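Hello,

Here is the structure I promised to hand over. Please open it first, then read my notes below.

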Amino acid sequence: MADQDSSATSRRSFLKAGAAATAAPLIASQATAAPNTGRVQRYARLGRTELEIADISFGSSRLRPNQEYLVHHALDRGINYFDTAESYTGGASETVLGNALVGEREKVILVSKIIAHEAMRQADFMRALDGSLRRLKTDYIDIYMSHAVNNVAVLENPEWPAFLEAAKTAGKIRFTGISGHAGRLTRCLDYAVDNDIADVVLVAHNFGQDPKFYEGLTRSFDMVATQDDLPRALEKAKAKDVGVVAMKTLMGARLNDMRPFERDGATFAQAGFRWVLSNPHVDGLIISMTTEANIDEFLGASGWQELAYGDRPLLDRYAKLHGQTYCRQVCNDCEGACPYNVDIAGVLRTRMYATDYQDLEFARSEYAMLGTNAAACLSCSGEPCQSACTHGIAINEVCGPTHSLLA
Ligand code: SF4
Ligand code: SF4
């Protein structure tokens, strides 16, 4: 962590910039990353919930049977916020968390989620919630979210708020939220905030999506800024005291690609986290924690709310390496390009799990949940989508092979 004085000064100047926080490139402090402490250094107030969460917390989308030890390791390091969903690893994620948290329940904040559909009824939601409670071995979930929201109609379904109210009254949930990482995310955020149906939002947010990140890059790296509307939506959420948690913070998380360029003990992952946590409208972040070493590395960025000296070149290098292959998902500029309604961003997101995260099992389970997969690509000329990506991804060349790999 930065020394307290320089950190505080830098933080003050950052906040003083006010709106500039969404408009100007981040300036790194002169502070160099100190040796990794491997412990949580800061707990952040999660908006109106008044919960205090570890700034870098446990994402369990890839938690598998017999990995209770990972949860214990995270607890030992001070992590108190655990995010899961009924769909993760076929329910195993919730089960493992439930096993690991026996006797620890009151010390942690548990989040779970359901992939909702616009036609679902209160009884459907309640059945799903009861299943999560059973697997998690608890009688309440702190924050229950509508998961991977990309369609306002899902939130407009009156059965959803009615269910939330009933579940709160029954003491089964304390707070509500939405999560999202696709093209209509900001529309969904606006709806949730305007209609007061979310105490917390979980959003895909990383340096590769933000216009201000690219302002500092050379013109040789010609990339259109993406997701320009997300900073506004997050600022609006904060203005209503909605808690904001970020996910997908590492733009594909190809950590090993960056090892040769990391210096002085600071890693690419830590730089990516520092960038996210520098945003005054973000309270904390979750990241998939798959090894004990991962957890210790990630927590090296806990406590930071600014970039360290040397972070920016690492992030720039990563963006240049992967900028032309990483699907931003939330930009959705390709929406409507496919006459067969292939969920292009969804297909590319699941491909990322296979190629970047190197987690084929997780990629296949997520791919199986897509509304319209890429089966049609196998017999398509590829012409309609070949120049639809504003970020240069050859959609027609990757979607078909992705189907072959993941179907
Ligand atoms: S290759 Fe064809 S089917 Fe596949 S996304 Fe492109 S237009 Fe759609
Ligand atoms: S494929 Fe390209 S245009 Fe489509 S969501 Fe991904 S980055 Fe955006």
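R105 is partly exposed, with 14 other C-beta atoms within 10 Å. A residue needs 20 or more such neighbours to be buried and 12 or fewer to be exposed, so R105 falls in between. Please keep in mind that this is a predicted model. R105 sits in the loop between α3 (92-100) and β5. Its C-alpha atom is 9.9 Å from that of N80, and the two residues are 25 apart in sequence.

**The whole protein**

Now the wider view. The protein has 16 helices and 10 strands. It is 407 residues long, and buried residues make up 52% of them. Take the contacts between residues at least 6 apart in sequence: 81% of these join residues at least 24 apart.

**The barrel**

How do the eight strands close up, and in what order? They form a barrel, in the order β3-β4-β5-β6-β7-β8-β9-β10. The pairing is parallel. On average, neighbouring strands of this sheet are turned by 30° against each other, direction ignored. Helix α4 packs on the sheet and touches β5 and β6. The direction of α4 makes about 140° with that of β5.

**Around strand β6**

Start with the strand itself. Is β6 (residues 141-146) enclosed or open? Six of its six residues are buried, so β6 is largely enclosed by the rest of the structure.

Next, its partners:

- Strand β5 (residues 109-114) runs parallel to β6, and four bridges join the two.
- Strand β7 (residues 173-180) also pairs with β6 in the parallel sense, over five bridges.

S112 stands opposite Y144. In β7, the bridge partner of Y144 is T176.

β5, helix α4 (residues 122-136) and β6 make a right-handed β-α-β unit.

**I114 in strand β5**

I114 belongs to strand β5. Is this residue buried or exposed? I114 has 23 C-beta neighbours inside 10 Å, so it counts as buried. Leaving out residues up to four places away in sequence, I114 touches E86, F125, A128, S146 and H147. The C-alpha atoms of I114 and T84 are separated by 9.8 Å. Along the chain, these two are 30 residues apart.

**Strands β9 and β10**

Strand β9 (residues 243-247) and strand β10 (residues 284-288) pair in the parallel sense, over two bridges. A246 stands opposite L285 in β10.

**Ligand 1**

Last, the ligand. Which residues come nearest to ligand 1? Of the 14 residues around it, these are C338, C377, C380, P384 and C385. Helix α16 (residues 395-406) gives the most to the shell, with three residues. By class, the shell around ligand 1 has 12 nonpolar and two polar residues. It has no charged residues.

**Where to look**

Begin at β6, with its six buried residues. Go on to I114 and its contacts, which include F125 and A128. Finish at ligand 1, where C338 and C377 are among the nearest residues.

Best wishes

Technical notes: Residues numbered from 1 in each chain as written. Chains lettered and ligands numbered in written order. Predicted model: local features only at pLDDT ≥ 70, side-chain atom pairs only at ≥ 80, totals over all residues. Near = placed C-beta within 6 Å. Nonpolar A, V, L, I, M, F, W, Y, C, P; charged D, E, K, R; others polar. Pairing = 2+ DSSP bridges. Right-handed = clockwise from strand over helix to strand, strands pointing away. Axes fitted to C-alpha atoms, helices over the stretch in contact; angles between N-to-C directions. Contact = placed C-beta atoms within 7 Å.
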